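I opened the model to look up its fold and its pocket. Here is what I worked from.

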Amino acid sequence: MRTTVFDSGALIRWSGGSQAMTTRLDNTEIPEPSLLLDEDQRLVQALKAGDEAAFMRIVSLYHPAMRRLALVYVADSAVADDVVQDAWIGMLQGIHRFEGRSSLKTWLFRILSNTAKTRAQRERRSVAFSNLGSADDDDEPAVEAERFQSSGPGAGHWLTKPESWQDLDERLASTETRRQIERVIETLPPNQRQVIILRDIEGWESLEVCNVLGLSESNQRVLLHRARSRVRRALEQFFTAA
Amino acid sequence: MSTEDLSCQELVELVTDYYEGALTPQERERFEKHLVGCRGCRNYLEQMRKTIEAVGKLTEDDVAPPARDELLTHFRTWKQRNGMSTTA
């Protein structure tokens with residue numbers, strides 16, 4: 001049963017529960033519906049008790065994604081490593097206060113994102129995050145206008161139809177294609193890059209992404225749309241050129 | 001809201017909303033109705049779906065040993081500082 005809750009402009013879908021949701025830019029917890037897995041709770045309890053295996057389990061679960069996200073904020077690989085280490089330390093220092101109202105993952109990644117932002121500002125290599133939650137980066141269409149008929153009875157219909165990719169599965173799975181995708185994602189505006197990383201690479205739910213990045217669902221969707229459209233276009237050009 | 005057919009140019013802007021389940025039932029009907037009659041848009045959707053799948057296959061390296069060691073050190077330091085035994 002879904003209820004739609006508005007909170008200062010942020011539209012967030014909520015599955016049950018009567019708690020109001022708030023989006024905070026600090027490291028406080030944001031109540032979530034039961035996204036918590038049993039494993040999540042067990043890990044947190046074990047961690048609080050000082051269980052080393054639990055800690056390393058959490059590390060193996062989230063460290064690579066944290067690194068990938070840190071690199072959106074700080075271009076330098078070594079600095080990104082630092083940022084991630086600092087985030088882990090921040091997690092350990094705050095774990096006794098963690099009450100499990102949000103999932104460990106979203107709490108951890110908010111720490112990561114705040115740590116990265118602070119560090120990026122200090123390094124003065126910060127990317128343009130001025131409109132962090134805004135989807136108004138650009139009015140870029142998903143497909144260039146030139147691909148469509150501009151006037152006449154067929155206005156808005158394909159001029160050059162997209163090809164079928166049904167015979168391209170092997171190429172799509174190749175290392176070369178993967179490298180191409182990585183390159184395109186690296187050049188995305190940071191807002192778009194964060195969303196496609198968390199949604200499509202890391203497989204997060206929309207709500208988790210909104211919570212960590214402080215986005216409304218519709219904003220997040222627009223950013224995801226633009227990111228995916230750019231990657232598709234790059235791949236189309238890549239396959240056409242070869 | 002227009003009851004005319006969706007154009008291809010309009011459809012490509014709705015693809016993400018479609019996948020996210022964010023279209024109204026009426027919008028989804030218009031969307032799917034257009035697809036039935038338009039090979040170009042069916043190909044576009046296929047391209048988009050395969051793009052998303054390909055993005056999903058990007059993997060990351062495991063935690064490098066130096067990073068692991070550093071993290072273990074942080075953890076043990078944290079335990080000590082919090083009065084927990086470091087032999088567990």
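These entries cover chain A first, then the pocket.

**Ground rules.** I am working on a predicted model, where local features need pLDDT of at least 70, side-chain atom pairs count only at pLDDT 80 or more, and totals for chains, interfaces and linings use all residues. Residues are numbered from 1 along each chain as written, chains are lettered from A and ligands numbered from 1 in written order, and side-chain values use heavy atoms, without hydrogens or water.

**Chain A.** I found nine helices and two strands (DSSP runs: H or I, at least four residues, for helices; E, at least two, for strands; numbered from the N terminus). The order along the sequence is β-β-α-α-α-α-α-α-α-α-α. I looked up burial next: 52% of the 242 residues are buried (under 20% relative accessible area, 1.4 Å probe, protein chains only).

**Largest pocket.** I noted a volume of about 420 Å³. A pocket here is an open set of points on a 1 Å grid over the protein atoms alone, where a 1.4 Å probe fits, with protein on both sides within 12 Å along at least five of seven lines; lining residues have an atom within 4 Å of a point. The lining has 20 residues, and P64(A), R67(A), R68(A), L71(A) and E60(B) are the closest to the centre.

Which helix gives the largest share of the lining? Helix 2 of chain A does, with five residues. In chain A, helix 2 (52–73), helix 3 (77–94), helix 6 (175–187) and helix 7 (190–201) each supply at least two.

How values were computed. Grid points are joined across faces, edges and corners, and a volume is the space filled by probe spheres set on the points. Buried means under 20% relative accessible area, exposed over 50%, partly exposed in between (1.4 Å probe, protein chains only).
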